[in-house]
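Subject: Structure handover

Hello,

Here is the structure I said I would pass on. My notes on what was found in it follow below.

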Amino acid sequence: MNKLRFLTTGLLLLGALILGSSFANAITSKAANDAGLSVLVPTERAVYQRNEKNKADLLIRVRYEADKHVTAALFDADGTVCSETVSLSAAEDDAAVYEGTIPNVPAGGWYKLDIQGKASADGEAEVSQTVEKIGVGEVFITAGQSNSCSFGGAQTFAQEDMVSAFDPKKDVWQHCDDPQPCISGFSEGNGKGSPWPSAGDALFEKLQVPIGFVTTGFGGSTIAELLDKHYAAILDAIETLRPYGYRAILLHQGEGDSGGHTKQKEYAESLIKLIQETRKDAGYDLIWMVANAAYTPYTSAADNNEILEAQKEVCDEETIFLGPLTDDMDKDSGYRHTDNLHFNEEGLKEHGRRWAESITAKLVPDYSKLPPDPTPEPPATSTPEPEVPSPSTPTPAPPAVTNSPAPAPTATPSDETKPVSQKGKTFKNGIFQYKITADQKGSKTVKIIAINGKTKKSITIPKKVKYKGSSYQVSAIEKKALGKLKKLRKLKTPSKIYKTCKAALKRKKVVIKKY
């Protein structure tokens, strides 16, 4: 009986310990969540574009609902620290967002990012997050019509782990598997295959760095329609990739224009307009590579040739490069699907290999010719001079303060007053001007009444804002606040005010996302 009682007591104690541990973990997890630390950039599997020195400066953006200290550090796969710890600063457009840059990260990966929230610069971490699989390598935006996106005869999958694709619907990176994620509206096609997983594998084999793709294609589009009707996905890619960078835009398009009997001059003019628009929105002369493609089983050789010659005409081989020829991959080549228009599985793989060959031959410099980083010289070993002891005379103490003010009287209960409501007050935070619409326990809200962002192309509206130590929910926005944002191209908004923003911004070239 005593043994049974002892066993029962032991089991109860063990259960209590387990429950206590679980409860403690739950509290810790809840505390981390309550702290509101979330990493916005980068997400797992992100690829940053390397520069001419085979390195990249990694922009880090973190949302932290606390007025404290945020740091970032990078580690190799084996856990070795490979960067200095960087302190992040509050962003100009959102006080709850902290950002900073980890400079000169060598091409390669995967790296691991460690973010910590602290009460002070030298304090212990109160909350932390890690982001796995961060790479520095080659990034590309892909554009065009069905053969640039997921209309192939079979899904394909990158064999290499270091090949990623960006999902613009979720603003995250993923492994590069078909169908390619996209927001163009008609990019996933029949949910089948694209050339990009195979292109990524071939590029990784040649370059040995992480590879990233962002798909923007729209099935059946002409070159003019990519600018007039289907430009939003391209613009979104340009804006979304600003923190990461990219090597070039890769265009595979032409079938829609050969089928529509587009002439060489008209096609060339439309292609140049599209390239100029992307450069205007990017803010620099970004690189393009244009596939030599026009074949369909329904068009004549003469119609195809108009498009092929236009593509050659536009490519100057300086900032616009001629990419792979694919018209020889016709219905008799064994590379086409049963519709004789889209590629079958082997055709997708060959298509991807051809892209990789053109990219490595024309776009990517030979980094093996870069001189190695200089080795820091050891400090001079000259014999140090003997130290001269400093005088032992003590530093005189500062004179005593006279006529010190009397201490302030201690508040008594009768002196205490109720907090004054801030409702109706207006204040500025970053580029936003707010008006407090509710200020009571359990209900603290503001609305945005103005935005000082006339020159901004991309704006993120915060979910919360702080004022005099209190946190307020952004629950409304006046339509007139959005009216003067003439250069705006991308807006991220809390779901609560998405409909208002959508109604106020009806311009076709403004991409609006809710979160």
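**Buried charges and their partners**

K513 is buried, with a relative accessible area of 11%; buried means under 20% relative accessible area, exposed over 50%, and partly exposed in between, using a 1.4 Å probe and protein chains only. D236 is also buried, at a relative accessible area of 2%.

Some background before the rest. This is a predicted model, in which local features need pLDDT of at least 70 and side-chain atom pairs count only at pLDDT 80 or more, while totals for chains, interfaces and linings use all residues. Residues are numbered from 1 along each chain as its sequence is written, and side-chain values use heavy atoms, with hydrogens and water left out.

The side chains of K513 and D236 form a salt bridge, 3.3 Å from N to O. The term means a side-chain nitrogen of Lys or Arg within 4 Å of a carboxyl oxygen of Asp or Glu. K513 lies in strand β22 (residues 511-514) and D236 in helix α4, so this pair ties together parts that are 277 residues apart in sequence. Helices (H or I, at least four residues) and strands (E, at least two) are DSSP runs, numbered from the N terminus.

D236 has a salt bridge with K490 as well, where the closest N and O atoms are 3.7 Å apart. Since K490 lies in strand β21 (residues 490-493) and D236 in helix α4 (residues 232-240), the pair links parts that are 254 residues apart in sequence. K490 is buried too.

R489 and D281 make another salt bridge, at 3.3 Å from N to O. R489 lies in the loop between β20 (470-477) and β21, and D281 in helix α6 (residues 264-282), so the pair ties together parts that are 208 residues apart in sequence. Both R489 and D281 are buried. Through shared partners, salt bridges join D171, D236, K490, K492 and K513 into one network. The whole structure has 22 salt bridges.

**The hairpin at D171**

D171 also belongs to the hairpin of β9 and β10, which has four residues between the strands; there D171 takes a positive phi near 60°. Strands β9 (residues 163-167) and β10 (residues 172-175) run antiparallel and are joined by four bridges; two strands pair if DSSP finds at least two bridges between them. D167 has V172 in β10 as its bridge partner.

**Cysteines**

The count of disulfides is zero, a disulfide being a pair of cysteine sulfur atoms within 2.5 Å. The sulfur of C182 is 6.8 Å from the closest cysteine sulfur, in C149, which is too far for a bond. C182 is buried, with a relative accessible area of 2%, and C501 is buried at 0%.

Regards
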